[in-house]
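Please keep the sequence and the structure in view while reading.

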Amino acid sequence: MAEPAARRRGGIRGNEATAGWLFVAPAVLILGLFLVLPIGMALWVSVSGWNGQGSPFAPGVPFVGAQNYADLFLADGLTRENFMISIRNNLYYVAVAVPAQTLLALALALVVNQRFLKGTSFFRTAFYFPSVTSSVAISVVFLFLFANSGAVNALLAMIGISGPAWFADPRGLLHLALGGLGLVDVADPPAALTGGGPFGLSWWEWLAGPSVAMSTIIMLVVWTTSGTFMLIFLAALQDVPVQVEEASLIDGANAWQRLRHVTLPMLKPALFLVVTLGLIGTWQVFDQVYVMSQGKPANTTLTPAYLSYRTAFTDFEYGVGAAISFVLFLIIVVMTLLQRWIMRDRDEVRPRRRWWPRRGSTS
Amino acid sequence: MGRVGLRAFAAACLLVSAACGAEPGPVPQRTGPAALQVLIGSSGAAETKAVTDAAAAWSAASGNSVTVIPAQDLDQQLGQAFAGSSPPDVFYVDAARFADFASVGALEPYAEALPAAGEFYGTLRQAFTYQGRFYCAPKDFATLALQVNEELWARAGLTAADVPRDWTQLTAVAERIAAKGITPLVVGDTVERIGAFLVQAGGWLISPDGARATADSPENLTALQYVQQLLRARLARYPSALDTGWAGEAFGRGLAAMTIEGNWIKGALAGDYPGVRYTVHELPAGPAGEGTLSFTTCWGISARTPYRAQAVAFVEAMTAVDQQLAFASAYGVMPSVTTARDRYLQAFPADRAFLDSADHAQGPVNAPKMGNVLSDFDTQLQRLAVADPQAILRRLQRNMTAALRG
């Protein structure tokens, strides 16, 4: 019989599709109700002029199109300025926190993975501990540590350094570095930089770097997240076959060569995961800002996630608040795609068709 | 849990609001015994208990039932309640947020018709008037005054006669205190404290009718330049520079000889720093005379309540002279009606400086959409010591004008 069973829907496997849908129905329902539907609603709020009175879907709520988004990018005003400041802060935050936490996690994993190290399980637990502690509790502890007369400044004082007023210091680290090197006068920055810049923020403002206050939040986040990422690296490290390492030993590779050319390439999937999770987590930073600084001092710890919350729930600008969260969503997606493209596997996936001629070849 | 919790919470309130869409148009009124929901932003256990007791007494006498709900975060909970079309019938409205609520039609303008409408202090009536209508009855109020730490005062060789009466004396006294190595004045770094200097210089941020920004004025410039001069000479410090959360903490710990705070400092010092001895005086006068700021809350009635008449009766009972004096002794606020003034001063003679300031007190900026603008102004004030006051005021003027237009 040439009649294939697949043509008929009956038979022994006939109900599989129905059963499959039935099994995933709870998940689909929950995701739809609590994820897709609210996102759709928020999308509507972001293009509406809803003032917070009654339902946003009531007949009288005006549709304002891209007005809320235009306020964030085009209209010269406080909304755009605050938003751009928050973007700047978060850019520096991501630029410092993601590499730092990835390197630290990798280093910790390599150390803990050593076979000769005694008490590895103790160190694994110790390094992972900050990750399982409530971020609010850790934030409060950091508030005490970095208080003007706190432990950090006391330690600095022991070696003769007068520590800054961490949470009250809005000075940017880049500004401080430039000033320290004598390149610019921080009190009177060059007019070329203060004159103009993209999105209503002067180049001087864009180049501020993370503020002293922000750097404490960066330290906190690096410390808390590196434990989780260490665990991911550790799992990947233990997957590296011993034979590969032995083979490289026989080939005469030294420790650094083994790490660079054997271990690291095998850790690439884990590295991708860690950097992606890091990018997403750092762009969404909220709890630490909410607990520790609320954007102060001088808006230098303001982040888009916190600004979105503040704009919606305390300034009653629900439309703009929702618009900020959608821009944030787009930023995260673009960053992840970009990072995926950068970390793509160059050895295996070569472009099949080249549209440029290879040098010295005729075809 | 922060992020996930907030997200789930935001989703939940959107769902709730979608489920019960608002019916536009006037709300049909119900007569007879009402079940009133009262949402309060309580200052603490004492206030919650006092209001709950007063509400229980009123409900027993009037036959209505009242549920008093203390809010964790009043602004946010009210925002949610309005978004969900199920606002409480009666709720506290802070004067700084009043215009936001009034401008979107959330409040019932009932206060004009109250028999006691004329007895509220002028500054408080003004604080709850939007576009010419007096909306809600002020609950109580507080003003800023000067607190002097007696021990540090004596250590600096000063006497009661040296308490500064104007800016010149303030600078002179502060220099004498600083010469002894004591921080003279700690003052909060927000418009809610520094604004008092603007009033003393004869300026303010907005026109009395709330229609025009008046931030960029020579009077305001004089005030900011004076404060800047104090900050630069380290005669005045911000609380964060003294490693404290607010000026009351710095004052209570004896880190500064003077501070500028409101009535609430009384309870805070008694609770946290019972040992500190201090006196309270009216703020030093500026070039345009005396001036201070007033802070107040009103009993807002929702425009969507079906029990308007009962809610008004409840507010009348809560703002009656005897009831306000009971509140005053329970949690240390000043009655909002002039008719309670003499009896209040008999009971609390030490509060004369706070109460006498009411005559030249300025309420918060009374216009919608100012939260963002004023928090930006606060940000600028934090760097007042190194910034250009004229630029700060120009920026504020521009932002306020934009917010008033939009």
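With which residue does B:Arg352 form a salt bridge? The partner is B:Asp356, and the closest N and O atoms of the pair are 3.9 Å apart. The model is a predicted one, and every value in this report is computed from it.

**Charged pairs within a chain**

Side chains of opposite charge can pair when their charged atoms come close. Over all chains, the structure holds 22 salt bridges.

B:Arg352 and B:Asp356 are separated by about one helical turn, because they stand 4 residues apart in helix α15 (residues 352–356) of chain B. The two partners can be described by their accessibility. B:Arg352 has a relative accessible area of 43% and is therefore partly exposed, whereas B:Asp356, with a relative accessible area of 17%, is buried. The limit for a buried residue is under 20% relative accessible area.

A further pair in chain B consists of B:Arg155 and B:Glu151, whose side chains meet in a salt bridge. Both residues lie in helix α6 (residues 150–155) of chain B, 4 residues apart, which is about one turn of the helix. B:Arg155 counts as exposed, because its relative accessibility is 52%.

In chain A, A:Arg171 forms a salt bridge with A:Asp169. A:Arg171 has a relative accessibility of 44% and so counts as partly exposed. A:Asp169 counts as buried, because its relative accessibility is 7%.

The table lists these pairs together with one that links the chains.

| Salt bridge | N to O distance |
|---|---|
| A:Arg171 and A:Asp169 | 2.6 Å |
| B:Arg155 and B:Glu151 | 3.7 Å |
| B:Lys369 and A:Glu317 | 3.8 Å |
| B:Arg352 and B:Asp356 | 3.9 Å |

**The interface between the chains**

How many residues of chain A are in contact with chain B? The count is 39 residues of chain A, and they are in contact with 37 residues of chain B. The size of an interface is often given as the accessible area lost when the parts come together. Chain A and chain B bury about 3,100 Å² between them, with 56% of it on carbon and sulfur atoms. Of the area that chain A buries against chain B, A:Leu78, A:Phe313 and A:Phe316 supply 19%, more than any other three residues.

Between chain A and chain B there are 2 salt bridges, and one of the pairs is B:Lys369 with A:Glu317. The interface also has 5 residue pairs in polar contact, with both residues at pLDDT 80 or more. On the side of chain A that touches chain B, α1 (16–46), α3 (78–112) and α15 (304–313) of chain A each supply at least two residues. The largest share, 7 residues, comes from α1(A). By class, this side of chain A has 21 nonpolar, 12 polar and 6 charged residues.

A:Asn90 is located in helix α3 of chain A. Is A:Asn90 buried or exposed? A:Asn90 is buried, because its relative accessible area is 0%. A polar atom of the A:Asn90 side chain lies 3.3 Å from the backbone oxygen of A:Trp283. Leaving aside residues up to four places away in sequence, A:Asn90 touches A:Thr282, A:Trp283, A:Val285, A:Thr303 and A:Pro304.

Methods:
Residues numbered from 1 in each chain as written. Chains lettered and ligands numbered in written order. Predicted model: local features only at pLDDT ≥ 70, side-chain atom pairs only at ≥ 80, totals over all residues. Heavy atoms only, no water. Contact = heavy atoms within 4.5 Å. Buried area = accessible area lost by both parts, 1.4 Å probe. Salt bridge = Lys/Arg side-chain N within 4 Å of Asp/Glu carboxyl O. Polar contact = N/O pair within 3.5 Å; in protein donor to acceptor, adjacent residues only side chain to side chain. Nonpolar A, V, L, I, M, F, W, Y, C, P; charged D, E, K, R; others polar. Buried < 20%, exposed > 50% of the residue type's maximum accessible area, 1.4 Å probe, protein only.
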